[in-house]
Amino acid sequence: MASKIINVGLKRTALSLALGMCFAGSVLAQSNSAGAIAGTTTAGATVTIENPATGFKREVTADANGNYRVGSLQTGAYKVTTGGKTSDVNVTIGGTAQATNVTGITVQGNGTINAIDVSSVESTTILTAEQIAKIPVPRNITAVALLAPGTVRGDAAFGNLASFGGSSVAENAYFVNGFNITDAFKNLNFGQVPFEAIAEQQVKTGGYGAEFGRSTGGVINLVTKRGTNDFHAGGSLFISPESLSEKNPNRYSNSGVVFGGSGTTPVNTFQTVRLLENNSKDSRGTNTTASIWASGALVKDHLFAYALLQYGRVSGVEGYGVNTSTTNASASSKSPTWLVKLDWNISDSHILELTAFSDLTRTETDVYDNLNPANFGGDANIALQRTKYDGTVFDKAGGNSYSLKYTGYLTDNFTLSALYGRGESSRSDYGVTAAGVREAYTGNVGGSTAGLGCPVITDSRPSSPANPPIANCGFIGTLGSTKAKDQRDQFRIDAEWTLGDHLLRFGFDGDRFKSYDAESLEGGTQWRYFSNNLVRQRVFQTGAGVEVDSNAFYVEDRWQITNNFLAYAGLRWDSFANKNGAGQEFVKIKNQFGPRLGFSWDVNGDGKFKVFGNAGRYALPLTATVAVRGASASLFSQQFFNYTGTDPVTGAPTGLTPYAPIAYLNNEFGVAKNAKTIASQNLKPMYQDEYILGFQAQLTDNISGGVRGIYRDLKTAIDDQCDDRATSDWAAANPGWQTPGHTTYDYNNANHPFCVLYNPGSDIVHYSDVNSDGILELVTIPAAKAGPKAKRTYKAVEFFAEGNWDKFFVQASYTWSQSYGNTEGGVKSDIGQDDTGTTQDFDYPELSIGSEGFLPNDRRHSFKIFGNYEINDEWSVGANILVQSGRPINCFGVYASDPVGYGNSYFSCDNTNARDPAGPAGATNNGSTVVPRGTAGREPWQRSLDLNVAYKPSWGDGKLTFKGDVFNVFNEHTVTTVNEFGETTVGQPQPTLYKVPAGFQAARSFRFLVQYDY
């Protein structure tokens, strides 16, 4: 929102305060949920800080140099009075507002302003609720974060989360009113605060201080609305109708030779383009969200409340599969959410805050069969006809979160705050068949399969009239657990102490995150038919309650060395402990050191031109999901049978005779794993170093801008390695492990881990029972045998500018960036793998051949512009423009003769469409063509224009608003992801499917709002 400047003849911080806006670039992170006010007056003068809306008042005495500062202030508008002179300032989350002391100076606004703060070393973007309401942007936290420079949208497989500075989407941290709401199970989710209740959103893209940790990506920091002495109430209704939403385009194959059978013998010498997916009947559904809220004082000047009740519903979602699937689905979801914020000003020196919210969502998905077009001459329209209802999948996600925070202004120079919070979130699901039979899994590994429903049936027999498809009554595939949930308990204490030219901050942060998760094949088993008499049975089950305990100490000093130069130094020590299903620690890392350094130079001493820089080390703990299967009891068995018939209802084989003995895959025997064997004894956390240098300037009375350069270097990653050949070599070279009766290398026991957690590029030093005698040996695998070092670098230059006039504001940024290496981070966007911390990247050294190159979040160019223009007192228009280059494309296939049995998972491909003509030609190695990562071309540029128009009728007295938003105005259908498998799992080229679009940017849609705010 534009801000009026009544008197522009200001100096230094007053002018920068008025003109600084949310892309001002960097704001001192003095608190994760509050702000501060600082200024200069007469030495020893009394300074009064007052919030007229709440009656809060503080009096402090300026020091011998006339400087004063009051920290840990709630966001909002304040009056600063000293010597009979008054300034009006706005305090934003994490910001230090500079107060002027010129009589009559008033900076009017709505709390959306950040100063070009000469005491700042961070890269931060702040957007207020008022600004967000003026911009055509989806109503979710991630969409707002993507407005900031240096952020790009991640892969759809992970929910389109934001990637910060080349990091994966699993490396971010999320806070609300100081409480950590990150879901550390996979780091791919967070507490969904009801959007209407958010007052400000701070996006930290880099350079954040020692107070913040457990993130190697970015930080999203939220402050909710709160009550004041004035009573407010209102309601809103948002509707995005399906009838006005466009469809995504259909998906077609390429034309070309199709290979099948064995070797390279063509089945068809030429295949014409064919329809793969018809999206004409797909539907995003109608999205409706209604909210009501009220706020005010329960006790004037002392006790305040804000309460919001929000109900969202998405109905009519339809999805149809063609060729790639013979099922389709319809879904609906309900989200009855709420938030309550209580603020108790016990006195001017003691404040207590309670935040409570719910983000519960329930989704029902009906699953149907549809006709397979392959049986009807390839007619895709046939597949849009549903034949029978199979059942319904019920999902429940989210829960309740509570946090209580105390702030004490104990002296003029010392402030103390303490917070305790608990968050609970469900991830449970179950199914109900068409016959009303409930399919649910509680997580009893190796227990009874009763209640798990129909088995999963896969028919791999050669197709012929004599082999009609085997019946299958299953419709879910993999069952989650009805008990799956997460729970966080967090305690933190923070102190702030002003000592002359030094501002010291220090504190402790303790976090205990507990998860329960389980999975089972539907029906408890999978049957795969290979011939008319041979069938394979597989059983897969996991289930465990696991835990991640994290503690951190930090201290930081902001030292005003001269009037124009500030130095920042911060130190952080993180400790992490991961526990398996038996409560045993299998990873423990103590006192990971994270230094932070920075400076800010007010070049001319007038606040109009600032040069700043920082350097820091940031660490990330191992997620909880690793322990469920990798460190706890799990069962994965396989056995072949001869059979004589099949059950006509379930499709399960009958008349079974064992063809081969049972085998346990991956050493998953259904019993507890030995905690000492799971991880390398020298394991370090994932951490990276970051360097930023930039400047920021006021260009005119209404325009400011700047530029910064960023360099990030991943120093250590965590992943798993599964190559038993290296352990076998160790055993051959170190025969001391032999004991009577156990002289043969035999890893088929529960004390030998199939995969070991380690830092790629380091030696693996782990315990293992290498001969099944029950004795653990300390095995050392040299780094040279384990595989290459994990590499990821990010280089970027960000240009940002903003303009602010009486009725018009605009903000713009351009980012040039390059993300390069051999690992994306915790997840693997190349194939949509969300096993955070245990992707297939480093399972075997061969998988790393050709893996170094441009990474999935490498968007070389990104232009962002958004703003709003108030035509008059009733009408306004807003716009949001994104122009962004596409991400790199790979060609996955089979390397050599598939030495580790991973099929088409290698950066090796003989497909003639594999390479970008401008890229490297690829190197032939052992009969395979290595196609280095990211050299098979790029996805196209993405362009998007979003517009809105708002109407506040004069007869509504400014309280009534009508608004319409249109997203993707020109209905662009840019491809956002493609099929990157240039070969089949057995190494045959598949030119008809390679680079076929797999996803598109969201088609055009509309959103309408009616809101009344009293």
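I began with Tyr368 in this predicted model and looked up its accessibility: at 19% relative accessibility Tyr368 counts as buried, because the limit for that class is under 20% relative accessible area.

I then turned to the aromatic pairs, of which the structure holds 31. I noted that the ring centres of Tyr368 and Tyr389 are 5.7 Å apart with the planes at 55°, so I listed this pair as tilted. The pair links distant parts of the chain, with Tyr368 in strand S26 (residues 361-370) and Tyr389 in strand S27 (residues 386-398), 21 residues apart.

Next I looked up Phe808 and Tyr869, whose ring centres lie 6.2 Å apart and whose planes stand at 75°, so that I recorded the pair as edge-to-face. Since Phe808 belongs to strand S52 (residues 808-821) and Tyr869 to strand S54 (residues 861-870), the pair ties together parts that are 61 residues apart in sequence. I found Phe808 partly exposed, with a relative accessible area of 33%, and Tyr869 likewise partly exposed, with a relative accessible area of 40%.

Which residues form one aromatic cluster? I wrote down Phe175, Tyr208, Phe212 and Tyr618.

Terms used: Residues are numbered from 1 along each chain as its sequence is written. This is a predicted model: local features need pLDDT of at least 70, side-chain atom pairs count only at pLDDT 80 or more; totals for chains, interfaces and linings use all residues. Side-chain values use heavy atoms; hydrogens and water are left out. Rings of Phe, Tyr and Trp (its six-membered ring) pair if their centres lie within 6.5 Å; planes under 30 degrees apart count as stacked, over 60 as edge-to-face and the rest as tilted. Helices (H or I, at least four residues) and strands (E, at least two) are DSSP runs, numbered from the N terminus. Buried means under 20% relative accessible area, exposed over 50%, partly exposed in between (1.4 Å probe, protein chains only).
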